[in-house]
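Welcome! Take a moment to look over the sequence and the structure, and then we can walk through them together.

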Amino acid sequence: MKDVEDLFDKGQYSKACSLLKELLGQDPNHFFGHFLLSLCLCKLQRFWGARQEAQITIELDPKAWQGHFAEAQALLGLERYQQAHRHAEYVLEMAPDLGSAHHLSAKLSLATGDFARAEESFKQAVQLSPRELDFLSDLAKIQLVSGKKEPARQTIEKILNAAPEHIDGQVLMGCLNLDEGRLQEASDYAIRALLQDHEHLGARRLMAEIKAQTNPLLGTWWKFNDKMLEFGQDKTALIVLVSYVIARFAINLANQGSNTLSFCIWFGFYGICFLAWLAPALFHVILKSELDKSRMKDL
Amino acid sequence: MGILSHQQGYIQIKMEFIMYHIPDEPSPGTLQQWVVNPIWPLVSYIIIGPLMAFLWLLFNAGAMGVLNRKQAINLGGLSFLLLIVAIVLTIAVSCVFGFANYETFSGLIMDAGGVAVAYFLYKIQMPYFRVYSSMDYPVWNGMVLMGAAFLLRPLLILAQMFFLYIIL
């Protein structure tokens, strides 16, 4: 169990999952095993599986806060805020000194648009667990959004002093620099974040904003590709399929008219396919090669 | 669970673990080496046609262990039923708008119905595929089959039409 907790703390959730599966294979009623597995699955964005594990945890001990905490986390991921809120309230009642419980409550308030309450809860979470960098970065985000630049700067500096490579910390510092008009510094932070994870949405958005300020066309290209990344494969596939049906219908109508029109319709459809599938792939390749060049320069 | 076995004079201890199965994990079988990203069968709907897409999507779901054979047959049956409903609907719509527009409306209804079924089959296996690919199971590059199918497109379209002719 100690190994699992170490892996979890280091962020190696897949390995922790494998160990937990072995542990639960030997003891299927291991309460903490199911609890930790649910948290690991949440971190891996497997919210449906996380919820199933959370429900098993609750069945094993209905009064313990752990099961309800895990269930609230999973429900938050599944965007079922009302149900998540009920479980989060129970956790706060049972464990009022738990920083994670306040953090969870803050994230729920943020998801439902209650910024003031979210900020209060984030502050409480940070007070209770001052070493949790994720709590600090969430607090800094909300301070930045509400325009409190000086407190935000202090919070971000705390994060970067504790862990200079913290990706969210770098992105937030980049955003703050961009807000204050220091483009070069903002760009440095964005590149450092992208070098660690070139698909980090926050880092890509920051870079898009920087590019937009120097070259509007390049900014639009970046923003478009970020949007496609945010859409994901499922929505992109749906867009292409719907365009296909519309194109086929339009061609059937056009065939009663001219062939030039049907050619234009197919051309439009292939254009959509290019924008939906090929353009993001091309962007991905260009970005990776640019980042590799920048990595070589650093060496 | 330890199993003791004597081999060449040594005592070998084999540790066999019963792995816990998380409900959102697929259970791939012997066909796992043919599993592809479900986007490829879906794209094959546009490039080749509906029949290949449906069969490929069903096969992929079965190979990944998302559906068992019975569920795959049931889904296949349901898709076929939807096809019949689409045909009946086409005839009804054509009666209303006149048979001069038959091709236009039949095309729209068949395409919309076909795309909906294909997207449904894609959507049910996609969450499992994400877990599947994160668990280091083999994933075959569907582009190879797509390329081959594109080259043999006229033959495949003929085969599809022949199949539909036999059924209907």
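Between chain B and chain A there are 6 salt bridges. One of them joins the side chains of Asp24(B) and Arg46(A), with 2.8 Å from N to O. Keep in mind as you read that this is a predicted model. Across the same interface of chain B and chain A, 12 residue pairs are in polar contact.

Which helices supply at least two residues each to the side of chain B that touches chain A? They are helix H1 (39–47) and helix H4 (102–134) of chain B. H4(B) gives the most, with 13 residues. By kind, the residues on this side of chain B divide into 19 nonpolar, 4 polar and 6 charged.

Here are some figures for the interface as a whole:

| Item | Value |
|---|---|
| Residues of chain B in contact with chain A | 29 residues |
| Residues of chain A in contact with chain B | 31 residues |
| Area buried between chain B and chain A | about 2800 Å² |
| Part of that area on carbon and sulfur atoms | 65% |

Now let us turn to one helix of chain A. Helix H1 (residues 2–9) of chain A has Val4(A), Leu7(A) and Phe8(A) as its buried residues. Seen down the axis of H1(A), these fall within an arc of 100°, so they line one face of the helix. They pack against helix H2 (13–26) and helix H3 (31–43) of chain A. On the face of H1(A) turned away from the buried side you will find the exposed residues Lys2(A), Asp3(A) and Asp9(A). Just after H1(A) comes Gly11(A), which takes a positive phi of about 85°.

Methods: Residues are numbered from 1 along each chain as its sequence is written. Chains are lettered from A and ligands numbered from 1 in the order in which they are written. This is a predicted model: local features need pLDDT of at least 70, side-chain atom pairs count only at pLDDT 80 or more; totals for chains, interfaces and linings use all residues. Side-chain values use heavy atoms; hydrogens and water are left out. Contact means heavy atoms within 4.5 Å. Buried area is the accessible area (1.4 Å probe) that two parts lose on being put together, summed over both. A salt bridge is a side-chain nitrogen of Lys or Arg within 4 Å of a carboxyl oxygen of Asp or Glu. A polar contact is a pair of N or O atoms within 3.5 Å; within protein, one must be able to donate a hydrogen and the other to accept it, and residues adjacent in sequence count only if both atoms are side-chain atoms. Helices (H or I, at least four residues) and strands (E, at least two) are DSSP runs, numbered from the N terminus. Ala, Val, Leu, Ile, Met, Phe, Trp, Tyr, Cys and Pro count as nonpolar, Asp, Glu, Lys and Arg as charged, and the others, Gly among them, as polar. Buried means under 20% relative accessible area, exposed over 50%, partly exposed in between (1.4 Å probe, protein chains only). The arc is that of the directions from the helix axis to the C-beta atoms.
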